[in-house]
Amino acid sequence: AAAEYGRKLGLLDRTVNSADKTKAEHDFSLRFPTPYLNVVQRNADAVGLDIAWAYGLIRQESRFIMDARSSVGASGLMQVMPETAKHIAKKIGLPGFRVSQMSDIDTNVLLGTAYLSMILTNLDSSVTLATAGYNAGPGNAQYWRKTFGEDDALFVELLTLSEPRAYVQQITINYYHYNRLYGA
């Protein structure tokens, strides 16, 4: 009931958090909502990303709070760091970009999906490594690949840093559920 009430009020972070705590009755549409579908779909399609992966990442990064800010300065739905946003905006030719635009949903998802796509391309299309790279930086993901090898499942098991490991595991779970629920 709390999750449904949160959805009616548009408080998706509370919707997801409440739905995640249910034990006897599960409504996965409350756990894995798809707000801003047109924006996410358009931007994911434009760079060739699976929308389920994009949603899995957004769910983990911001719980759909558009003006979310992390303690290290990342912002918006996709929690893009300011310097990363500037770099990506320049690479994709976004004229006149200002960091203050990261609270705009279109800009945030545009830059976040472009960044995710660039990481994916640079890591030989490994969703697992690209997910780790989104969290801990693409340089770290490249280092880990050299250290742990090519096998994605083994990579996750051998990753000893708890934050990126838990992050990759959670995004993988989210990705699975979004695929299952919405047929992405």
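Is Phe-64 buried or exposed? Phe-64 is buried, because its relative accessible area is 4% and buried means under 20%. This is a predicted model.

**Helix α8 against helix α11**

- Two packed helices are described by the angle between their axes and the distance between the axes.
- Helix α8 spans residues 127-136, and helix α11 spans residues 162-182.
- Their axes lie 9 Å apart, and the packing angle is about 130°.
- The two helices α8 and α11 are therefore oblique to each other.
- Their crossing is right-handed.
- On the α8 side, the contact uses Thr-128, Thr-131, Ala-132, Tyr-134, Asn-135 and Ala-136.
- On the α11 side, Glu-163, Pro-164, Tyr-167, Val-168 and Ile-171 meet them.
- By type, the residues of this α8 and α11 contact are seven nonpolar, three polar and one charged.

**Helix α8 and its cover**

- Helix α8 is mostly covered, with seven of its ten residues buried.
- The buried residues are Thr-128, Leu-129, Ala-130, Thr-131, Ala-132, Gly-133 and Tyr-134.
- These buried residues pack against several helices, among them α5 (51-62), α9 (138-148) and α10 (152-158).
- Helices α7 and α11 also pack against the buried residues of α8.
- Gly-137 follows α8, and its phi is positive, near 100°.

**Helix α6 against helix α7**

- Helix α6 covers residues 82-92, and helix α7 covers residues 105-122.
- Their axes come within 10 Å and cross at roughly 80°.
- That angle makes α6 roughly perpendicular to α7, because 65 to 115 degrees counts as roughly perpendicular.
- Helix α6 brings Thr-84, Ala-85, Ile-88, Ala-89, Lys-91 and Ile-92 to the contact.
- Helix α7 brings Leu-110, Leu-111, Ala-114, Tyr-115 and Met-118.
- The residues of this α6 and α7 contact divide into nine nonpolar, one polar and one charged.

**Asn-43, a buried residue in a helix**

- Asn-43 sits in helix α4, residues 37-47.
- Its relative accessibility is 7%, so Asn-43 counts as buried.
- A polar atom of the Asn-43 side chain lies 2.8 Å from the backbone oxygen of Val-39.
- Beyond its neighbours within four places in sequence, Asn-43 is in contact with Asp-106, Val-109, Leu-110 and Thr-113.

**Thr-22, a partly exposed loop residue**

- Thr-22 is found in the loop between α2 (12-20) and α3 (28-31).
- Its relative accessibility is 30%, so Thr-22 counts as partly exposed.
- The Thr-22 side chain reaches the backbone oxygen of Ala-19 at 2.9 Å.
- The side chain of Thr-22 also makes a polar contact with the side chain of His-26, at 3.4 Å.
- Thr-22 and Val-156 are 134 residues apart along the chain, and their C-alpha atoms are separated by 28 Å.

- Phe-64 lies in the loop between α5 and α6.
- Phi of Phe-64 is near 70°, a positive value in a residue other than glycine.
- Gln-79 lies in the loop between α5 and α6.
- Gln-79 is not a glycine, yet it has a positive phi of about 50°.
- At 10% relative accessibility, Gln-79 is counted as buried.

Terms used
Residues are numbered from 1 along each chain as its sequence is written. Side-chain values use heavy atoms; hydrogens and water are left out. Axes are lines fitted to C-alpha atoms, for helices over the stretch in contact, and angles run from 0 to 180 degrees between N-to-C directions. Helices (H or I, at least four residues) and strands (E, at least two) are DSSP runs, numbered from the N terminus. Angles under 35 degrees count as roughly parallel, over 145 as roughly antiparallel, 65 to 115 as roughly perpendicular and the rest as oblique. A crossing is left-handed if the near helix is turned anticlockwise from the far one by less than a right angle, and right-handed if clockwise. Contact means heavy atoms within 4.5 Å. Ala, Val, Leu, Ile, Met, Phe, Trp, Tyr, Cys and Pro count as nonpolar, Asp, Glu, Lys and Arg as charged, and the others, Gly among them, as polar. Buried means under 20% relative accessible area, exposed over 50%, partly exposed in between (1.4 Å probe, protein chains only). A polar contact is a pair of N or O atoms within 3.5 Å; within protein, one must be able to donate a hydrogen and the other to accept it, and residues adjacent in sequence count only if both atoms are side-chain atoms.
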